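The following exercises ask the reader to classify contacts and residues step by step. Each task is followed by a worked solution.

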Amino acid sequence: MDKDEIHLRRLPAPHADRTFCGVDFLPEDLKEAPEETEMRVNKTYSCLPAEEKGIHIINIRAIEDIGYDQHESTLLNSLSKNPDADCKYGLYFRDGKRKVDYILVYQYKKSSAGRTVIRRAHNDSTARSTKQEQPLPGKGVQLEMGESEPHMDYHEDDKRFRREEYEGNLVEAGLELEHDEDTKIHGIGFVKIHAPWNVLCREAEFLKLKMPTKKMYQINQTHGLLKKINSVIQKITEPIQPKVAEHKPQTAKRLSYPFSREKQHLFDLSDRDSFFDSKTRSTIVYEILKRTTCTKAKYSMGKGEGRKKEATLLNKRRKCGKYGITSLLANGVYSAAYPLHDGDCEGENIEPNDRKILCEEWASYGVFYKYQPIDLVRKYFGEKIGLYFAWLGVYTQMLIPASVVGIIVFLYGCATVDENIPSMEMCDQRNNITMCPLCDRTCSYWKMSSACATARASHLFDNPATVFFSVFMALWAATFMEHWKRKQMRLNYRWDLTGFEEEEEAVKDHPRAEYEAKVLEKSLRKEHKHKEKHRYFPEETANKWTQRVKTVMAGVKMTDKEKLTWKDRFPAYLTNFVGIIFMVGLTFAIVFGVIIYRISTAAALAISSTPSGRSSVRVTVTATAVIINLVVIIILDEVYGCIARWLTQIEVPKTDKNFEERLIFKAFLLKFVNAYTPIFYVAFFKGRFVGRPGDYVYIFHSFRMEECAPGGCLMELCIQLSIIMLGKQLIQNNLFEIGIPKMKKFMRYMKLKHRHSLDHEEHMKKKQRYEVDYNLEPFAGLTPEYMEMIIQFGFVTLFVASFPLAPLFALLNNIIEIRLDAKKFVTELRRPVAVRAKDIGIWYNILRGIGKLAVIINAFVISFTSDFIPRLVYLYMYSKNGTMHGFVNHTLSSFNVSDFQAGTAPNDPMDLGYEVQICRYKDYREPPWSENKYDISKDFWAVLAARLAFVIVFQNLVMFMSEFVDWIIPDIPKDISQQIHKEKVLMVEVFMREEQGKLQLLETWKDKDKKKGENCNNHSPRLSRSHSGSLSSCHSYPLDV
């Protein structure tokens, strides 16, 4: 028997069902002419049930590690007595030795007879190279069945053919596969993938993965006073440290170097099973899945199938294109692809694993006070997710001092509220200040003392301490960014990510599947136009299908030269521009609608005959309007997220990095406008364009623009900001991040329970690991998590002058958010593919932009929204005794009620019990007895000049201080830069020693060779002639380098 031939031996079995385990790849004649067979045979024959112990099929093939091109694979398969126990319920192949590194999931349809071909142990029972021409023994024989299996529709054939081709290419790439369709989830098949050692080494070298070497070195430790301080800090923080081995401080570190098969002696390969951890193995397999192409799928065209079906298959062929798993997932050939979790994290008698440790020490609300085990998170989920949680932890830690200062500012406002002269004057009923009506006709005159509560509450947030707090928060933002950069460098050093730029460049140039499909479509269209232009002879009609396939294959080759230009993307760019403008306009329209609601509701409530109803008009209108804004913001957030993804998809970015950056930019722009537009309106526009009594500004000639309360709009801004911020966090966290996943999980559970109730025996089986993970939610990326925190960062920094307690509420939210996200990643989501990253990407630039914008916005809030500048102007320019007495009267102008326009005067002018002749309103205008009555007074221009001057001085001063903080704090900690330099020196020493060892070995070999040659030359001629056949052996030495 040839060494490449597969020997199948079938023993008699007691069961009537003639299924057997073996190796089956359809020969070409069966694939090309399925109509000549009674049934279509699967790639792998059905495996016997566990009870049939009489069948043992062994496929023996010579295996040789020949480097990058592995054309042969090994198959050793035998049915064990307890397969589920041996494979540890899906974590291993059925032999219990090879670990499952990745899972592919596909859907299949059962035949009408109720049986389906079960493909167990594909690579265990399959060892065919795609270059093998001879059919395997037993393939030419038709299987005996009671009735033939009906022919599937061509869509299912198409998907199955593409799966067979793709999986064959994976086998050629060196991966080992095993199929399982005998699962509790009906209609779902699983492909288990294992990467053998030689494939892991090959891909690790290709990806330039840094792996620890045998060389270890001591990390520089602090000395003297710093050492004592660090030891004290460690003892104090020991109770809040997670009980994880990876989190302990390290005194020694292994030297890391990009893996190379030629230098395997440098690495510690004593335990090959653990040298590449599960995260690295799944990353390597995923890179192979992306790189492996599907370009030679064969299609079965049965008799009588028309041109429409041909065109559909041709279109699917184009979609298959020259890319791998991403396209197959998009086209439904596979329904899911994911790495496995390490095991169960909840329950009794569970073996220790990283997932269980994370669940206990990280993804639990009971450990909210502890530090995060970031190194273990990185080990399990990869660098990108590890950096997100590290950034979230640093941000939450930095919120602690900001919260403390915010509480102090708020308490200062509470302590000085009784000493605030302007609010005391407003609350003093002896002043008897009569204010002008808030609306036409239905509203009457009112006393300023009725707004006493609002004025006192405004002082809690509108006091001199808020200016200090705004400066502090601007410096806090700059310090936070610098602290994160230093923390990021420490993580890069610990995680061996230094010098990662070259690898990033190589990864980001890899084109996306959709981009390749678009380029292929363009090349086919161009080729078609070229043929139409140069066609002189009629096209042959004998073999159009062959010509079409050749055209597509030619188009695949043309995609290497083609690329998408701005002309190709112009319709998408135009759609993006129009769509974003429309969405922003929609947000403005909704805010305008809420304004109309506030005005009309205020007018309607003013008609109320009860004094309590009239006094609470402003609070009622503000609260209901903010709740409406909150609901609209939450709804539009979800809508804008979907629209941003669609707009990015039609742009067809070339790489995943470009796609992610464009998606983030669009989503952030739309969500930023959606979240902050109502707040911007209250802060900078409300009460600015009201007009004056007798000459008000109207909307639609009937609704008068609303104005601020006598105490200013800052209190209303505080209410707006607090409700939107708290409501958005509570509702999105509790409803969207907890409630909706729980509801989806419950629905899936009920659906599976209904299915399992039909088959009690199947229901009693223990689920395999890949079945359990399939029921989890797929990982949707980190963009929603980052976006939520970035919007919160905007609430904390942009309008912090109006709400000093914002950092406190953000801190409380983030303490819960960290554990919520951790629990979601560990228990609710499928395990994501580990992605290497050395920073948080575009999010850092967005954070810096928000920090710069916060300085400008807070300057305008202090200047134009609060009364800080008018108070300073009055104190230093108009006060007679150097106090704030008379400030309220100074900010109010007078109006003669006889100057009301016709039909705008109050219907009940005697509502206060006396006739009003002069009413007051908040503005800087000339009195009615002046020559230029109701014109803007010089006080207005003095206050405006002071406001603009404050904006300029505040902005430049704080910007300078922020840049100074940025400059004075180095981006790379000194000890880390020293350790990186030490690593480079040690690596040079290692290679120098290796080269010196090689030179010494060569010199030793030369000396021995020279001495041996002299000994051979000293032999006598007769002796030399007698041993002439062995003279050449004088120069033969075993050499072990």
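A disulfide is a pair of cysteine sulfur atoms within 2.5 Å. The model examined here is predicted.

**Exercise 1.** Determine how C427 and C452 are linked, and where they lie in the chain.

*Solution.* Step 1: the sulfur atoms of C427 and C452 are 1.8 Å apart, and the two residues form a disulfide. Step 3: the angle about the S-S bond is 95°, and the link is right-handed.

**Exercise 2.** Describe the link of C436 and C919, and state whether these residues are buried or exposed.

*Solution.* Step 1: a disulfide joins C436 and C919, whose sulfur atoms are 1.9 Å apart. Step 2: C436 is in the loop between β7 (434–435) and β8 (446–447), whereas C919 is in strand β14 (residues 918–922), 483 residues apart. Step 3: with 85° about the S-S bond, this link of C436 and C919 is right-handed. Step 4: C436 and C919 are both buried.

**Exercise 3.** Classify C201 and C642 as buried or exposed.

*Solution.* Step 1: buried means under 20% relative accessible area, and exposed means over 50%. Step 2: C201 has 1% relative accessibility and therefore counts as buried. Step 3: C642 has 57% relative accessibility and therefore counts as exposed.

**Exercise 4.** Which kind of aromatic pair do F259 and F267 form?

*Solution.* Step 1: the search of the whole structure finds 50 aromatic pairs, including F259 and F267, at 5.1 Å centre to centre. Step 2: their planes are 35° apart, and the pair is tilted. Step 3: both F259 and F267 are buried.

Note on methods:
Residues numbered from 1 in each chain as written. Predicted model: local features only at pLDDT ≥ 70, side-chain atom pairs only at ≥ 80, totals over all residues. Heavy atoms only, no water. Phe/Tyr/Trp six-rings, centres within 6.5 Å; stacked < 30°, edge-to-face > 60°. Buried < 20%, exposed > 50% of the residue type's maximum accessible area, 1.4 Å probe, protein only. Helix = DSSP H or I, 4+ residues; strand = E, 2+ residues; numbered from the N terminus.
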